[in-house]
Amino acid sequence: MSIPTDLKYTKSHEWVKTEADGTVTVGITDHAQELLGDMVFVELPQVGDTFTQKQECAVAESVKAAADVYCPISGEVVEVNTPLVDSPENINQDAFNSWLFKLKPSNSDELGGLLDAEGYQTLLDSEEH
Amino acid sequence: MLIFEHARPGRRNYSQAPENAADTSGIPEQYLRKKQPLLPEVSEMDTVRHYTRLSQKNFSIDTEFYPLGSCTMKYNPRACNALAMLPQYIGRHPLAPEDTGQGFMACLHDLQEILKDVTGMAGISLAPMAGAQGELIGVMMIRAYHESRGDFERTEIIVPDAAHGTNPATAVMCGFKVVEIATDKKGNVDIDALKAAVGPQTAGLMLTNPSTLGVFEENVTEMSRIVHEAGGLLYYDGANLNAVLGKVKPGDMGFDVIHINLHKTFSTPHGGGGPGSAPVGVSKRLLPFIPIPFVKFENGQYDWVTEKEVPQTIGRLSAHMGNAGVLLRAYVYVRLLGRDGMHRIAEFATLNANYLMAELKKAGFEIAYPTRRASHEFIVTLKNVKEKTGITAMNLAKRLLDKGFHAPTTYFPILVPECLLIEPAETESKQTLDAFVTAMKEILAEIQEQPDLVKNAPHTMPLRKLDDVKAARELDLCWKPED
């Protein structure tokens, strides 16, 4: 699957989309769902929770493993994708459109430190050896 | 079908029924049951048939080769069972006076001494009743040691990423922060990463050696020096001890505490939930914290050592002497082997693994760490097979069931994609290993010629391919009677 160029990425396989209102939407990448396999549960943060960058903020559990999702940038959770809890398989079908939560960034500078699509592709290639 | 579903009102199983009605005269009224407990009312014959049928559906070490990596599913000799089940052992009450249990206590004392010798540790406690409990106790002792010295700054435990998943879990349960360090391309712990990770905050390092990658840690003494110089202690996860038993002593590698899985290395029954047993061995500096009770021999008499003699002990782990029946089986096992036999465990565990690895490599399978000699287990990766054909490690594992072999461990360690962790164990013959290689070769050919056959396996099992997702999401674990 091609990596959308309008998103930013983390080394821990989260994607980040900057919205027009300044919030960011967070999900896990297609590569992450492929590694994890069939999704069984997702555990989302609560609206109002605040996280610092790289802090564990959600859990994605598949038939193979439970993986922590790390907060790509610091901020406060303003919305969570509640319907995803009942249909986590959406992540397998379309990871880049199955968002987990939206965040109001507390330090927008951190966005600059994330990978772009090309950088993320390079990361994936290096992980393949 | 559940045993409850065989039940019909009024059916009785007379061989299990009590001879007399219980005397409840001494029990206050409010504690007496008002209703009968919900037990299945089944006949003796139905019960026998039900459980026999279940056992026939089961893959077990008594019926099939079981190369489940990291689990050491080796044969449990019948002699160990027979001797540990002598009526004098089975009938012994745990609170019986010591002078009527000298034989039992002598066995435990002997086992302590033998484990001390084979691990090179200063003391052994047989009390922990599972691998996870042994681990917990080990790290609790590390914490107790630092605290007894007034050193409360040591808040971190270092765990390599090739460790057993229980290691970081144990550290967290004991209140420590886990610091993960990486593995290099050869499968060893990255020494520079270790050097960077240690400091005055380091309580200890937990190491599984040989690691879950199936290789012996080549720099173990260097690692032990680095951690000790930083003031930390070293924990040895003995899960893979059968690879080095009688050849290398963890005590000589510099470890301060070790747990030994009797249900793996010492061939006591394993799987289906145990019961496990995980004696802990400690170095001299951890002796004051060792869990009680254990057995001492003084003035011709075996006695329990309790908190009176070990006032700083971290305490008891159960009401009595751990899983005594399992300890007895392990004791018989080591006595049957003797000192020479103990050496042969490591020799055959590694020989079998390396033979199997070489044969599978010849057959065209990709080995994850091809430059390394296997310890007692090794990893095959189907990463390239999956890319070319879409067949996964799980597909191959299921197909092996059709061929009469238990599947190896799949998708662990998570460092290696599409992996099978294969541990033949030392009890298997060359003929069995060859038959396994033949089955693996057949599957490799099937992947090319009839991929759907592999993808939809198993075909011959009582149940076909399971819906893992449904099983995980819609747990159905409790039976309730229809009203």
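Modeller: Thr72(B) is buried, because 26 other C-beta atoms lie within 10 Å of its own and the cut-off for burial is 20 or more. The model is a predicted one. Thr72(B) is not a glycine, yet its phi is positive, about 50 degrees. It sits in the loop that connects helix H1 (44-57) with helix H2 (78-84) of chain B.

Tyr411(B) is another non-glycine residue with a positive phi, in this case near 55 degrees. With 20 other C-beta atoms within 10 Å, Tyr411(B) counts as buried, because the criterion is 20 or more. Its place is the loop between strand E12 (409-410) and strand E13 (419-422) of chain B. Those two strands, E12(B) and E13(B), run antiparallel and are joined by two bridges. Thr410(B) has Leu420(B) in E13(B) as its bridge partner.

The pair belongs to an open sheet of four strands in chain B, with the order E10-E11-E13-E12 and antiparallel pairing. Strand E10 (366-367) and E12 of chain B are the edge strands, each pairing on one side only. Helix H10 (residues 324-362) of chain B lies across E10, strand E11 (378-381) and E13 of chain B. The angle between helix H10 of chain B and E11(B) is about 20 degrees.

Two peptide bonds of chain B also deserve a look. The bond joining Ile292(B) and Pro293(B) is cis, with omega about 0 degrees. Pro293(B) lies in the loop between strand E7 (280-282) and strand E8 (294-298) of chain B. Ala457(B) and Pro458(B) are likewise joined by a cis peptide bond, with omega at about 5 degrees. The loop that holds Pro458(B) runs between helix H14 (451-455) and helix H15 (468-473) of chain B.

On the level of domains, chain B is divided into domain 1 (82-337) and domain 2 (344-463). The C-alpha centres of these two domains of chain B are 31 Å apart. Contact between them involves 18 residues of domain 1 of chain B and 16 residues of domain 2 of chain B. On the side of domain 1 of chain B that touches domain 2 of chain B, eight residues are nonpolar, seven polar and three charged.

Chain B also touches chain A, in a contact that takes five residues from chain A and six residues from chain B. The chain A side of that contact has three nonpolar residues, no polar ones and two charged ones.

Chain A itself holds five helices and nine strands. From the N terminus on, its elements run β-β-β-α-β-β-β-β-β-α-α-β-α-α. Its C-alpha atoms fill a box of roughly 35 × 35 × 25 Å along the principal axes. The radius of gyration of chain A is 14 Å, which agrees with the value near 14 Å for a compact globule with 129 residues. Of the 129 residues in chain A, 32% are buried. Among chain A contacts between residues at least 6 apart in sequence, 63% join residues at least 24 apart.

Key
Residues numbered from 1 in each chain as written. Chains lettered and ligands numbered in written order. Predicted model: local features only at pLDDT ≥ 70, side-chain atom pairs only at ≥ 80, totals over all residues. Rg over C-alpha atoms; globule rule 2.2 N^0.38 Å. Buried ≥ 20, exposed ≤ 12 C-beta atoms within 10 Å, placed from the backbone. Contact = placed C-beta atoms within 7 Å. Pairing = 2+ DSSP bridges. Axes fitted to C-alpha atoms, helices over the stretch in contact; angles between N-to-C directions. Nonpolar A, V, L, I, M, F, W, Y, C, P; charged D, E, K, R; others polar. Domains from an automatic or database assignment.
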